[in-house]
Amino acid sequence: MVSREQKGGVLHEKLQILRSVTHSHAGDNMSIIADASSYIKDLKQKIAKLNQEIASAQHANVRQPLVSVEVLENGFLINVFMDKCSPGLLGSILEAFDEIGLSVLEARATCAGSFRLQAVGEEEAEDLIDAHAVEQAVIQAIKNCPSM
């Protein structure tokens, strides 16, 4: 039989994990849960926005890349979608990151019919890079890619 103290300890541990995952600074349980709820709502809105951008690109049948850059606490979340995949495209984008002083901390790329890239980048130096500059660098890299 599990004691009340053990259940409370497990609950506390799970709330601390939730607090960590959602980057909450709340101290009490209700505030942690409220922050988590808000965090989930924000994630759902971001997913809906990205799905809408992808759907509009597919319906318009455009060859323009969809590039979105979101400012994170210590860098940027970069999403790139194109309806076709070309050799060297990923390399061109990564070179552009390097040129503007952005280190890639994590990246996922797929090239199965369409090109999708999701990367988390961090500024290498104290030079302040803004989201628009990152977006423009990616768009320029796509235009300059030899196989495009």
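Guide: In this predicted model, the largest nonpolar core holds 22 residues, and among these Ile78, Val80 and Ile93 are the ones that touch the most other members. The elements that contribute two or more residues to this core are strand 1 (66-72), strand 2 (75-82), helix 3 (89-99), strand 4 (114-123) and helix 4 (131-144). Of these contributions, that of helix 4 is the largest share, with six residues.

Ile93 lets one follow the packing in detail: leaving aside residues up to four places away in sequence, Ile93 touches Val80, Phe115 and Leu117, and also Val138, Ala141 and Ile142.

Among the contacts in the chain with a separation of 6 or more, 53% are between residues 24 or more positions apart.

As for the chain overall, buried residues make up 28% of its 148 residues, while the exposed surface comes to about 10,000 Å², of which carbon and sulfur atoms supply 54%. The C-alpha trace spans about 65 × 40 × 25 Å along its principal axes, and the radius of gyration of the chain is 20 Å, whereas a compact globule of 148 residues would have one near 15 Å.

Key. Residues numbered from 1 in each chain as written. Predicted model: local features only at pLDDT ≥ 70, side-chain atom pairs only at ≥ 80, totals over all residues. Heavy atoms only, no water. Rg over C-alpha atoms; globule rule 2.2 N^0.38 Å. Buried < 20%, exposed > 50% of the residue type's maximum accessible area, 1.4 Å probe, protein only. Contact = heavy atoms within 4.5 Å. Areas by Shrake-Rupley, 256 points an atom, 1.4 Å probe, with all protein chains shown as cover. Core = buried A, V, L, I, M, F, W, Y, C linked by side-chain atoms within 4.5 Å. Helix = DSSP H or I, 4+ residues; strand = E, 2+ residues; numbered from the N terminus.
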